[in-house]
Structure formats: structure tokens, C-alpha cells
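Dear colleague,

Please find below the structure that I am handing over to you.

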Amino acid sequence: MEGDFSQPQRQSIVGIFVMFVYSLQGYLKAFWPILVIWIFKFNEINKGYLLAGTIAVFAFIGVIAYLRYRNFTFYIDQENDEFIITEGVFNKTKTAIQLHKIQQVNINQSFIQRVVGVYELAVDTAGSNKKEADIKAISHALALDLKVRLLENEKKRVIEDGSIDQTEIPVEKQVETDIPFINISFLSLIKIGITSNYVKSFFVLLAFFFTVFDHIKQITGRDVLQDENIEDYVGKRQIVNVFLILFILFFLAVIVINLIKTVFTYFDYKITRQKGSLLLSYGLLNTRSTIVKPEKVQITSITQNFLQKKMNVLELKIKQAANGEKEAHKLAIDIPGCSRPEKDAILKLLFQKIPEKGVMLKPNFRKLGFSVFLTIGLPLLGFYFIRDFVVTQMPMIDYLVMFFVVFMGLIQFFIYKNNRLFINDDFIILQSGAWDISNEIIEPSKIQAITVSQLFWHKNINIGSLTLHTAGGNIAFQLGNFTTIKQYVNLWLYEMETSDSNWM
């Protein structure tokens, strides 16, 4: 039996508890410095006042949570084809979302929501950089019914004569009945976890340790990173060995963090066909369910490094239409741990064929020279002026600089070697990367705007740069043959003008 959404209704009664927990988390994030001070000065605080204050705070948050639950209602206005949400604590706001503008409806479940047995339903619309509607506590059955009703408009297609294709109108609730055609295995997640995101996790962990050391210095008044402090525990000859051991432990910690994050985020990753779309569901503590519509996919990225190639796994990233490149990056959908056959199956569903690389454009060798100048030349120039001062403090600095030059030189060489633009009648594929080789795929009909540029000193050698703008982000190719670029730009502009694709 489907739910009746014609009349205003509230969330599940346990939504009060969900609202309370989320409100409490918000206040803890805002006032955590005060909590830290209370912890360190716990013995100096009047326990009676502390207990009374804690009870008062919890009571206040409880009242806020109840008012948020009480004032939150939602329903579908059939007459105006709008989804209406009323919310607020003391001042009520009313949001009306036109059904034809709804682009995505996701059903998610956090750990707290899983404990109490409810789900979150989030509604995204085209042209917005945030969730237009977010129902925090709703039963699974009701969430499925509401999702179907909100997406009914997506099944209507106006054909050339102005009538409606009735074969596309019926919408069935298939989330529970469809059998996943791809199920990312736990072993594949482990392979991805230990072979990806090294740099990102390294800097996150490094920032964490420096923050901890800074807090230790503020509390104890001692800098544990100074050489004289280290020498209190180990001899001078052992310092190099200690740092080598710490580096290995640090690297292992990065791998462990990647592995844990990957498993917790993408556990039990299932991909199901649903009316020509992809239904993705995944997560260990926080589960997420989202639909990917092929016509709204803007950029599809396939990333794989040497180790992943040997293990037969790769990563897919799907970018749909969003308001700005920053928002598109945040809303990108990752599919980790795919094998080559699984990747081909997904691409066939998204594009009705497997994209093939066509004509290849290479960047001019000046791109490599300019990159080397920026990443190696300028830092070496700056080091030249401060070397005499630094070498007295760090006698080994010249060896570190030599390692830096060799390392950055290899990175820039492989970036240049792998940078290619492939073009055929149906697809544009940008290949890039040094270790992680990425292939970004777009269809010419999805291009919104094109930017070409050429510096005046590049005219004689006939090179220039190209940027393709889509609703899911941009891709750029620099210092290619400018005559060839302009020929393809004219072709793409014609396709943009004549295309009738429904990418929004």
C-alpha cells in the first residue's frame, strides 16, 4: 500500500531523538574549546553548577529537537505539481519545490538512524548548491514510496509531435526486487584501500601530528621535535635510524587509514539496474542509496595505477550536473574496486557503448619545460639565496634537495608523457596523471561552453590551450596544436547548437 502524500504529514516519532542527537552534535562542534577547558579544569569547577548547567543544556536541546520535529511537515501539492516542506523552530519557513526540477532523490541512513530504524530522504534540484529538502526520520517503505512519487516526472518524455510517450510513465518500486548486477567484493575494497589516496592521507595525517605536537608544546612548554629533546632518548648516531623507522610507521599508518576509510565508506557496494538507470547502495555505518541517470552524467573518470592494474581493480568517478565545479566535486559518485568487465558493463549502461580512444593530441614539449621551471627551477632559485643559512642547521640539506629534484623531475616527466587528448565522433577522453592515470570521458553534446586561448609568443609555433566546460566540471588540455584544436572546436560548437539531449 502506497503512502498518501496529498496531506501534510510529520516524520516518524523517533525523529525527535534523531533531531536531538544531530542538534547535540552541532553544539558540541561549536563549543568544543569550552568543553576542553572544562575537562582540564574539572577539579576546579563547582560540580553542582556543572550538573545543573548540563541538565539545562540537554533540556534546551530537547525542546529545540521537539519543536523541529513538531513544525516539520511535508506533502505533494498535486494541483501545482510541487513538493511542499514546512520547517522551523520559532520562525516557520515554507519551501515549494517544483517536481520537474527535482534531479536527485537519495535515501541514506546514518549510524544513529540505523539504531532507531529510520532513513533520511534528501532531495536535490538542478541549479542549487545544497539539498533543497532533507527529511531526517522516515520509514524505509515510506521513503521508497515518496522517492517514486517525486521521480514520476522523470519518466515522462515529450516526443517530437508534442504528445507524451505513455510507455515511459509507469513507475514501479524496484529497489527491493531488482537483483544487483555488480557487487564490489570485500577483497576489491582492500585492494583499493592499500593502493590509493597516498598523498591525501599523508598530508591529513601529517597535519594531525603537527596539531598534536603543537598542543603538547602549549601544555608542557616543551618542543618534542627539537633535536636536543630527541637526543635525550636516543644517541646522535641513532637519530637517522629512528627517523627511518618513524617514516615507515607513518607510511603504514597512511595505508591503514586508507584501508579503514575505504571499507567503512564503501562496504557492501551494490549496483542495480533500474529502468535504465544505476541504483547505487553502499556503506557500513552510514549507508547511502542514490540513482545515477545516464542522460545526466557529465564526466566519467576512470583511474588506475600500476599496482591496481596488476590487481585488476580500478576506480570510477561519475560527475552529474551541479551548481559550480566545487559542488560537482563534492557530489561526485565514486565506484571503487571495479574489475575491467564490471567497468565495461557500467560504461555500456551509461553510454550504450564502450568509449574508444580516437585521434590523439599531444601537448608540446614546452609544457614539460614550463612545468619543470615552476616545480623545480623556482624552488631551487629560492633555495640558492637561503642555502648558506640553512646548511649550518641541516648539513644534509643538499642531499634532500638532490632527492627533491630527481623526484619532482620524474613526476613531471610522467605527467607530460601521460597527458593526451583523444577525440572521436562520440567521445572526448582526457588522459592525465603521473602515478594514478586518469581518463575523463565526456560526450560533445554535454559541453556547455568552450574556451580556447593562445599567448602571443605561442602564435609562431602554433600551440594553444583548450578548456571544455560542462555542468559537472571542466577539463583542460594545454599547449596542443592550435589549428587542430580550432577545427574540433568548430565541430563541437555545431553539435552544441544542434543537440537536443536532456542532460538536466
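Axes are lines fitted to C-alpha atoms, for helices over the stretch in contact, and angles run from 0 to 180 degrees between N-to-C directions. Helices (H or I, at least four residues) and strands (E, at least two) are DSSP runs, numbered from the N terminus. This is a predicted model, in which local features need pLDDT of at least 70 and side-chain atom pairs count only at pLDDT 80 or more, while totals for chains, interfaces and linings use all residues. Residues are numbered from 1 along each chain as its sequence is written, and side-chain values use heavy atoms, with hydrogens and water left out.

I begin with a pair of helices. Helix H13 (residues 366-393) packs against helix H14 (residues 397-418) at an angle of about 175°, and their axes are 10 Å apart. H13 is therefore roughly antiparallel to H14 (an angle over 145 degrees). Contact here means heavy atoms within 4.5 Å. Among the residues that meet are Leu 368, Phe 383 and Val 391 in H13, and Ile 397, Phe 404 and Tyr 416 in H14.

H14 also lies across strand E15 (420-423), strand E16 (428-432) and E17, running at about 10° to E15. Two strands pair if DSSP finds at least two bridges between them. These strands belong to an open sheet of 7 strands with antiparallel pairing, in the order E13-E12-E11-E17-E16-E15-E14. Its edge strands, E13 and strand E14 (359-361), each pair on one side only. The twist averages 20° from one strand to the next. Within the sheet, E11 and strand E17 (residues 437-442) are joined by 5 bridges, and Ile 302 has Asn 439 in E17 as its bridge partner.

The next topic is the interior. A nonpolar core is a set of buried (under 20% relative accessible area, 1.4 Å probe, protein chains only) Ala, Val, Leu, Ile, Met, Phe, Trp, Tyr and Cys residues joined through side-chain atoms within 4.5 Å. The largest such core has 27 residues, and Tyr 269, Ile 335 and Leu 350 are among those with the most contacts inside it. Helix H12 (340-351) is one of the elements that supply at least two residues, and H12 gives the most, with 5 residues. A second, separate core of 24 residues includes Phe 5 and Val 123.

Finally, 5 of the 5 residues of strand E1 (residues 73-77) are buried, so E1 is largely enclosed by the rest of the structure. E1 pairs with strand E2 (residues 82-88) in the antiparallel sense over 5 bridges.

Note on methods
Buried means under 20% relative accessible area, exposed over 50%, partly exposed in between (1.4 Å probe, protein chains only). Angles under 35 degrees count as roughly parallel, over 145 as roughly antiparallel, 65 to 115 as roughly perpendicular and the rest as oblique.
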